[in-house]
Amino acid sequence: TLPGTPPRGARTEKAQPALIKPEKAAESAPSLFQPVANITPPHTPTEGQKPLTGFVNEDGLRVLPPLDTTTTAATTATGIRAPADRSSPTWGGRLDQPMSRASSPPPPSLIDASLQHKAKELGRQGVTQPSVLTRSESHDRVFAQADWKIVNADQGNGGLRNAVEAAAREGNLEEYTWVGTLGMPTDALQGTQQLQDIEDKFATEYDMLPVFCSDKDFDGHYSHYCKQILWPVFHYQIPDNPKSKAYEDHSWKFYVNVNQAFADKIVKNWKKGDTIWVHDYHLLLVPGMVRKKIPSAKIGFFLHVAFPSSEIFRCLATRQQLLEGMVGANLIGFHIHEYARHFLQTCSRLLSAEATPDGIQLEDRFVDVINLPIGIDPVSLSLHREEPEVQKWIDTMRERYAGKKLIVARDKLDHVRGVRQKLLSYELFLNRNPEWRGQVVLIQVALSTSEKSELDAAVSDIVTRVNSLWANLAYQPVVYLKQDIDYAQYLALLSIADALMITSQREGMNLTSHEYLFCQDGKFGGKKHGSLILSEFTGTASMFNGGDLSVNPWDYNQCARAIKQALEMEEEEKTRRWEQLSKQVNSHTGSTWFMNLMSRLDRVYDEQLRQDQTSVPRLSIGPLTQQYKRSQRRLMILDYEGTLVNWGPVNKIIPVSPQRTLDVLNDLLLDDRNTIYVMSGRRPEELDRLFRRVSNLGLIAENGCFLKDCGSNTWTEMADSDQIRSWKESVKGILTYYLERTPGAEIEERRCSLIFHYKSAEDYESAMRQATDCASHINDACEEQRVHAIPLDGCVLVEPIDWTKTTAAQRIFSDLRSHMGPDATHISPVDFLMVVGDGREDEKVFKWANSLHEDGTVHEVVTVSLGDRNTEAKATLTQGVSGVLLTLQKLAQIA
Ligand SMILES: O=P(O)(O)OC[C@H]1O[C@H](O[C@H]2O[C@H](CO)[C@@H](O)[C@H](O)[C@H]2O)[C@H](O)[C@@H](O)[C@@H]1O
């Protein structure tokens, strides 16, 4: 986990020099004012109407910063901070992230008194680190020798910390260790006693493992790769945008280095029985890196941000490595179904892995994928709300804004959070609803980020414009705080609001809206049942499902209407909506989220371990012969290729089976207590030809679409031929499209399936890409036709979902039972069932056979896998086809 991202260097905001009075500007713009490079002030949304008198389209004009902008002090935290304690006096003292950690702090003599005071407050005495100052040896010396203490961090993922702490408080988590980076540069400390002391203190007093990486790696990782590439792409700031950095990967190596540093730390400290949880997009490679070193590790990964559609994700230059890192986990969690679905689709497209609704089938392992939304910690929130400081702020606000309706918000000021869209919508609302001017105030708290000042400028422009139009001595329509507020003020703000407005363009969840709903119970003199205006692009929106006023932040008209609706809503409706939403908030808490994740990981890990080939015993011939001898009615279902014969070219007809295979089958069939079926993906006529010399053998063709009973001359078509005809039409169109783009590939048509072969393609790499695209295209387009495409080695197999080897096996079993007569419905037709196979489709047959043993239906069940995959089978055979034939031969010799 990454409990805290370090405080970074700060910027000083500079006031823009000119002020424009709206009326004048309307007359004279743009000729009187100089354009400013890189600033594109947003237009007033006009809903197709003319701008109101006095409104300016400020394209290219200089503007003043908003009246309420408070500039950030040029100072940086240098304290080492433990996970946030929300009651910490520094909560909300969120500082900017430095541009680079490569420069070290200046000596105290360079720092003015106020900075020294600030630095003291933050834990490191007398030292600050303005990033503008260059580094020198003497700076390093001062820094390395300065006093230090560990203080709580404000940065990082508060929702995660709260959830873990709540689970621990409730006694559900006995022992845990955070692994994270320090909130300070550490180059200057390398090789010093200080570094060791810091590490020791973390370990002994806090049960935390600090990860040390070079300042350059850290900066390249966080400020560059994370914030400029992953963050925008994961939030759909798509690389089509000319300013996007998604194609650049110069900072990739820093991302790899920091992930490796985390993985190394984990591996070094890992003990048998430990569970490893890796959180969020900063550490996507860690699961794979740890798995490499500890193949048996129990690893969970949770992504807190959105996972974009595969069309967006595939633009990342390092897409393959990122996915391979993630699938190192045993369980991958997302907040909502949409993100999980995107991830599954992306893996099936880019990793050529089979995606099922439950996860990813890799060649040798299965990775479970779930969605489980995080929640808040109502218990600690309640306690904090009782603090006198919160009450004091509620009283102050009530008095200050008496008679006014309040819309509130607290967001990071980056594009993704949609502050700009919110302000434009609010502006439109005031333009359209004059009766509300003077009656409503929007309080927007904006946390600074490392994003460019363009957004700052754009947002400031709108605030200035709205305020200069409708403010008077006693009223200001927008209160814009470009700084964070302390926790007590935050809780007071949520309590006193009439509406919360969240307009994120994308957001993993949005726990502010949960906290808001929790604070809207009318207690402590706060307001009651305020409305929630919530972007439909947040994870939270899909959980709230209707109780909120759901908006598309890009639709300013809709947002403006939502503001009106929120402010004018009848009490009864507000209460009804609030009750519905509160129920959701209180039933999905952070602690239940965390506990569910933990128990889910335990479950899937045990399941995967059970299927792990290395933990499945080898088939022992002794007990097998005993089971065989004891039984009188035996059914054997044996896979063909890879099991009874070695793999041949799938698209070529094999004229005969090796004589040895035919002999073994004939020998077994001499015993009339044996019923044997061979199952295969091949066509009925091929199987007829292959086994014409084995009489009384049953056959399953095309993976379960055709069945030929023992002793019969005719095939039964299990699949519905009309249905097959209909999907084949659609699928052929898609396959042809990809065939035309893949020289050397070919399509094979079977009766119930289609296969796109690309093993002999001229350019194998590009053919593989076409093939994976083709598979996901079919899976997206034809799901309703009950057909799926499975990427296999060198081909894509398209076959029906409803007829499989398992359905054929079930049919054989029930036919055998019905041959026993009408009174035998509860009697098993066999007392020995053996299934042998090597492929993925055989796994489901193993599962079905095992279940017949588990529910007591069949006394002796033997399931044997030959593959190196994780398996459902109860035994494995490592000697391949000859091992199978040898085993069957031994059984045939038993009288
Ligand atoms: O800004 P970062 O240091 O890179 O961290 C990213 C954000 O992490 C947290 O938000 C994310 O997790 C929340 C809880 O699961 C989820 O509600 C939110 O949508 C995610 O973005 C943290 O709360 C943010 O402040 C960080 O920006």
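**Exercise 1.** State how many helices and strands the protein chain has, and what share of its residues is buried.

Solution. The model is predicted. Its protein chain holds 29 helices and 28 strands. Of the 895 residues, 57% count as buried. Among contacts with a separation of 6 or more, 75% join residues 24 or more positions apart.

**Exercise 2.** Classify the crossing of helices α4 and α21, and describe the residues where they meet.

Solution. Step one: the axes of α4 (residues 158-169) and α21 (residues 590-611) come within 7 Å and cross at roughly 80°. Step two: angles of 65 to 115 degrees count as roughly perpendicular, so α4 and α21 are roughly perpendicular to each other. Step three: α4 contributes L160, A163, V164, A166 and A167, which meet G590, S591, W593, F594 and M595 of α21. By class, this contact has eight nonpolar, two polar and no charged residues.

**Exercise 3.** Determine the geometry of the aromatic pairs Y176–W178 and F307–F343, and the burial of their members.

Solution. The whole structure contains 23 aromatic pairs. Step one: Y176 and W178 lie 6.3 Å apart, centre to centre, with 80° between the planes. Planes over 60 degrees apart count as edge-to-face, and the Y176–W178 pair is edge-to-face. Y176 is partly exposed at 29% relative accessible area, whereas W178 is buried at 6%.

Step two: the ring centres of F307 and F343 are 5.4 Å apart and their planes stand at 90°, so this pair is also edge-to-face. F307 lies in the loop between β6 (298-302) and α9 (310-313), and F343 in α11 (residues 337-350), so the pair ties together parts 36 residues apart in sequence. Both F307 and F343 are buried.

Step three: F307 and F343 belong to one aromatic cluster with F234, F313 and F334.

Notes
Residues numbered from 1 in each chain as written. Predicted model: local features only at pLDDT ≥ 70, side-chain atom pairs only at ≥ 80, totals over all residues. Heavy atoms only, no water. Axes fitted to C-alpha atoms, helices over the stretch in contact; angles between N-to-C directions. Helix = DSSP H or I, 4+ residues; strand = E, 2+ residues; numbered from the N terminus. Parallel < 35°, antiparallel > 145°, perpendicular 65-115°, else oblique. Contact = heavy atoms within 4.5 Å. Nonpolar A, V, L, I, M, F, W, Y, C, P; charged D, E, K, R; others polar. Buried < 20%, exposed > 50% of the residue type's maximum accessible area, 1.4 Å probe, protein only. Phe/Tyr/Trp six-rings, centres within 6.5 Å; stacked < 30°, edge-to-face > 60°.
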